[in-house]
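Subject: Structure handover

Hi there,

Here is the structure I promised to pass on to you. Please have it open while you read, and my notes on what turned up follow below.

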Amino acid sequence: DNFQQEGEEEGEEEEKQSKGGHKESGALLAYKQKWREICELFAFRTRFLLTIAGIILSLGPSYTWLLLHLLYREKYSNTDAPVVLSWYCLYVFLMAFNGMLEALRDSAATREQLASRSPFGLTGFMLITFVFSSSVAYSIVPLYGSVGIVWSNCVNLFFRAAYSAHFIVYRGSAKNMMKDSAIQGLAKALPSRIVIGTMVASGLICKIASPRGPMAEASLMDHALHVAVGALCGLMI
């Protein structure tokens with residue numbers, strides 16, 4: 001709240017000074033420096049979190065059947081649970097990214113923006129995404145079962161993350177001061193191209209290395225080799 005109030009006050013001060021052609025005050029410079037530090041901290045934490053979530057996304061789908069079989073035997077491993085859990089890995093990745101974005105978004109928003117119930121305000125947009133994802137679930141769950149629920153939640157998280165990123169850059173308090181730092185923070189929050197490429201390659205390798213034929217008919221040695229491949233890919237990432 002204090003940071004939001006400072007942002008509102010300093011944003012008004014910057015607007016007045018820009019009209020009058022005066023130099024920036026010490027308080028305004030301190031606020032800009034504080035926001036840059038927040039964006040750098042956001043980028044560091046988000047990149048770390050996305051790297052962990054990316055490992056789960058790249059390697060997880062290849063081992064969901066084995067995990068469920070070890071924990072619950074045929075009770076769940078011979079159902080659609082492995083497929084649902086595979087798509088849940090994508091949900092975990094989106095949830096990690098969206099959570100960090102919404103935290104930064106709320107710190108950039110003013111009290112009025114947080115309380116706004118207009119269709120383009122925070123509360124209004126959250127309601128719209130909830131209704132939209134519920135409609136998607138209503139349409140696809142009868143066709144795809146439990147997987148459809150995960151898909152609809154992924155759609156919900158994707159639009160919420162996109163909205164939060166747009167809000168941070170273009171509609172946050174004192175946006176003229178925060179825009180450049182916000183864009184840099186969002187860009188640095190993503191893993192490097194090398195890491196992303198390694199994740200994609202590792203996911204493909206683990207998929208190719210999966211035992212041939214039905215998983216339940218594979219030998220213990222086949223599963224052991226598959227797990228070893230996954231461990232090596234994890235170390236590569």
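To begin with the surface, the chain has an accessible area of about 13800 Å², and carbon and sulfur atoms hold 66% of that. Please keep in mind that this is a predicted model. Of its 237 residues, 39% count as buried.

The fold is helical: there are 11 helices and zero strands. Contacts between residues 24 or more positions apart make up 71% of those with a separation of 6 or more.

**The salt-bridge network**

I would look here to begin with. The whole structure holds three salt bridges. Glutamate 102 takes part in one with arginine 160, where the closest N and O atoms are 2.9 Å apart. That pair links distant parts of the chain, since glutamate 102 sits in helix α5 and arginine 160 in helix α8 (residues 146–170), 58 residues apart. Both glutamate 102 and arginine 160 are buried.

Glutamate 102 also forms a salt bridge with arginine 105, and there the closest N and O atoms are 3.9 Å apart. These two residues lie three apart within helix α5, about one turn of the helix. Arginine 105 has a relative accessible area of 6%, so it falls under the 20% limit for a buried residue.

The remaining pair is arginine 105 with aspartate 106, whose side chains meet at 2.9 Å, N to O. Aspartate 106 has a relative accessible area of 29% and is therefore partly exposed, as that value lies between the 20% and 50% limits. Through shared partners, the salt bridges join Glu102, Arg105, Asp106 and Arg160 into one network.

**Helix α3, inside and out**

Which residues of α3 are buried? They are Thr64, Trp65, Leu66, Leu68 and His69. These buried residues pack against α4 (74–77), α5 (81–108) and α11 (220–236).

The helix also has a part in the surface. Leu67, Leu71, Tyr72 and Tyr76 make a nonpolar surface patch of about 410 Å². Helix α3 (residues 64–72) gives the most to this patch, with three residues. Leucine 71 is located in α3, and its relative accessible area of 55% is over 50%, which means that leucine 71 counts as exposed. Just after α3, arginine 73 has a positive phi of about 60°.

**The largest pocket and helix α10**

The largest pocket holds about 230 Å³ of space. Its lining consists of Leu50, Gly54, Leu57, Ser58, Phe93, Leu190, Pro191, Ile196, Met199, Val200, Gly203 and Leu204. Both α2 (26–59) and α10 (193–208) supply at least two residues of that lining, and α10 gives the most, with five.

Threonine 198 also belongs to α10. Is threonine 198 buried or exposed? Its relative accessibility is 17%, under the 20% limit, so threonine 198 counts as buried. Apart from neighbours within four places in sequence, threonine 198 is in contact with Met236 and Ile237.

Happy to talk any of this over once you have had a look.

Best wishes

Technical notes: Residues are numbered from 1 along each chain as its sequence is written. This is a predicted model: local features need pLDDT of at least 70, side-chain atom pairs count only at pLDDT 80 or more; totals for chains, interfaces and linings use all residues. Side-chain values use heavy atoms; hydrogens and water are left out. Helices (H or I, at least four residues) and strands (E, at least two) are DSSP runs, numbered from the N terminus. Buried means under 20% relative accessible area, exposed over 50%, partly exposed in between (1.4 Å probe, protein chains only). Contact means heavy atoms within 4.5 Å. Accessible areas come from the Shrake-Rupley method with a 1.4 Å probe; for residues, only the protein chains shown count as cover. Patches are made of residues with over 30% relative accessible area and no salt bridge: like charges are joined within 9 Å, nonpolar side chains (Val, Leu, Ile, Met, Phe, Trp, Tyr) within 5 Å. A salt bridge is a side-chain nitrogen of Lys or Arg within 4 Å of a carboxyl oxygen of Asp or Glu. On a 1 Å grid over the protein atoms alone, a cavity is a set of points where a 1.4 Å probe fits but cannot get out, and a pocket is an open set with protein on both sides within 12 Å along at least five of seven lines; lining residues have an atom within 4 Å of a point. Grid points are joined across faces, edges and corners, and a volume is the space filled by probe spheres set on the points.
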